[in-house]
Every structure is written in C-alpha cells, then in structure tokens.
Number of protein chains: 2
Amino acid sequence: MDKILDIDNIDLKIISLLNEDAKTPYTEIAKKVFVSSGTVHVRMKKLEDMGIVKSATLNIDFSKLGYDISAFLGIYLEKSSLYDNVIEKLKEIPEVVSGYYTTGNYSIFAKIICRDTNHLRLVLDSIQKVEGIDRTETLIVLEESINRPIQFFDKEK
Amino acid sequence: MDKILDIDNIDLKIISLLNEDAKTPYTEIAKKVFVSSGTVHVRMKKLEDMGIVKSATLNIDFSKLGYDISAFLGIYLEKSSLYDNVIEKLKEIPEVVSGYYTTGNYSIFAKIICRDTNHLRLVLDSIQKVEGIDRTETLIVLEESINRPIQFFDKEK
DNA sequence: TATTTATTTAGATTTAATCCAAATAGAGTT
DNA sequence: AACTCTATTTGGATTAAATCTAAATAAATA
C-alpha cells in the first residue's frame, strides 16, 4: 500500500493553507477545513512524522537586505564521478543555496545569492577554484516573475 | 540614507533563526538573541512593514506527496518582447512554480513540479503550446543535493 | 451485530502572542 | 555636561493559540 494513500484532501487543504502563510493559527485553518483545531494538530503531527512537512521558512526579500544578485550556474565537471566531492565543496560556500543533479548538458545545476557584482565575482572565483570543476555558465537573474508553491486544488492535468 | 542601514545584527539574527524554523516562538528567539520577546515582535513588525519578511512557507517533501519529478526549463521565445505575455500564460499553468528573466541563452528560465513522467509530458505539451514560445530545453532534476537559506553569519566574502 | 481500532472532538491546561505604559537609551542642542 | 526630544526596549497584563487528554464518534474487522 502506497504512503500517498494515507494523505487525504483534508491533509492537502491544510498544507495548501499553511503553505500560503505558515503562521496561520491552527484554529483558523480548522474553520476553513471544517474540522476541529485538534484534528489540524493531529494531521500536522502525522505529516511531520511522515517527513512530508519538513519545516517552515521565511519568505525573505533578499534584495532589500542588500543581496541584489542571484544567479543560476550550469557547472561542467571534469569527470561526472566527481559529483559528490564537488557538492561537498559547494556546501562550504555559503552563497550557494541550491545544487542539483540534472539531465542535460550540465553536471551540476546550482543557485547562488550575492550582494553585488563584486561579490558575485568573488563567489564565482571560489567556485571555479573547486577541484573537479571544469567550467561554469552563469545565468544572472534579472527578474523573478513567478515564485509560488504548488497549487494542489487548481486545474491540474 | 540606505534602507539597509536600518537593519542591524539583531534583525539578521532573528531572521536567520526564524528562517531555520519559522515556527520557533518569539520567546525562544528572544533568549538566543539576548533581547526581550517584545523586541523580537517590534523587530519582526518592522521587517514585515519594510517588506523584507514577506511570509512564511512550509518546506514540503513533494516526492512524498506523489510529485516525483521537478524540472528546470530553458525557454526560447520567438521575440523577447513577448516576455510579459508568456509569463502571464505560464502563471495559468499550476505546475509552474517559478519563472525568471535571466541573462544567457534562454529568454525565460522556469521550474515545474510534476507527479510522474506522464504528467511531465502533459505539462511540457501545454507549455509548448503557449503562444510566443519557440522551443524549450528541459533539465530534469534527478537529485536535490543542496537546498538551504542564505547564511548571514558564516564565512562570507 | 459485536468488538476492536483509529480518528475526531471538546474542554482543561500550558504556553505564546499581542498590547501598552513606563523605563531606558540615544541624538541633538545649548 | 546638562537638558530636551525622540526612539527603542522592557516587563507585565491581557488575549489568543498550542498542546494535551479523556471521552465520543466513526470505521474496520470478525
């Protein structure tokens, strides 16, 4: 029996509502989902125990904090077997916020967040220096037009 | 005077701690930052009013919810002036979770989340059909090795 | 239908959020 | 340095929510 079957629409509605604003009181969620607040607790406990809901994070406008530049990096490795080693090195660079193993040309696809162009240059330098990295392609983000959670209850295919 | 100067280390520490777990009580944050909980409230209110902290969202393991495939899309437009129109169309596709205007080859860089390969195919189809889109390159995410918030207090450059 | 098991619910209790007036600290002025 | 004005922080009082538990309900099984 698949784990997915343990999740019903009540769970999904709770997740959807809390995903819009994780600080919404369970009492309020309860009203919208037409169950008691105790049930919301029990369901969230279950979802956390199952590892489906891992944590809650803030949605921060980094540009207002002086972090004005974000960029995606397509990273080419000398040998693809170096993936794990390079990921470990990238983890040591605080400006790296994500790193993926993807299909396509790149061996690693990563995202970095920097204060300004000079900071970006320094970070790119330190990434270029990582052993095993051949070269990188930089996609600088000029505008973030869409950034939202999955919508479970919209017109999905 | 720059807005950034209104933000001090207390603000950054509060943001950092809440970014790890947005549900941490302000009383607990207060202890760690060595101020009163009232101050944490005042600071968070300020950060929210300034638009620096926009909301809190859940960190969800989508694969455990049956959304097993995520992919980055490099989208080529027929004319780059079509950007705004295409973004609006992409917003209507619920599986599209982000969309960026970036430097580099692609006109739009997007991310989608799908249940399985068949769902992915359907979503790619509907994206291909969007007027103004020439062609797309798909980078399927096989592994997410890094996914974390910015670290303000680590060894930054 | 009876019995077991799981889920939901409604209080009771604990804990945190919110509000506010007083205290403190800081900036600017003479 | 003393004074004034302003902004920030604080602690306590109030309101609201989280958490816990035992009872009620519902669902599953025999």
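Chain B can be laid on chain A with an RMSD of 0.0 Å, by a turn of 180° and a shift of 0.0 Å along the axis (the copies are superposed by least squares on the C-alpha atoms of residues with pLDDT of at least 70 in both). The two copies are therefore related as by a two-fold rotation axis. The same surface serves both copies, since 100% of the contact residues of chain B recur in chain A; contact means heavy atoms within 4.5 Å.

This is a predicted model, in which local features need pLDDT of at least 70, side-chain atom pairs count only at pLDDT 80 or more, and totals for chains, interfaces and linings use all residues. Residues are numbered from 1 along each chain as its sequence is written, and side-chain values use heavy atoms, with hydrogens and water left out.

Next comes the DNA. DNA strand D is surrounded by residues of both chains, among them A:Y26, A:H41 and B:T39; a residue is near a strand if one of its heavy atoms lies within 4 Å of it. Sugar and phosphate make up 80% of the atoms of DNA strand D that come within 4 Å of the protein. A polar side-chain atom of B:T39 lies 2.6 Å from a phosphate oxygen of DNA strand D, and for A:H41 such a distance is 3.3 Å.

Terms used
Chains lettered and ligands numbered in written order. Polar contact = N/O pair within 3.5 Å; in protein donor to acceptor, adjacent residues only side chain to side chain.
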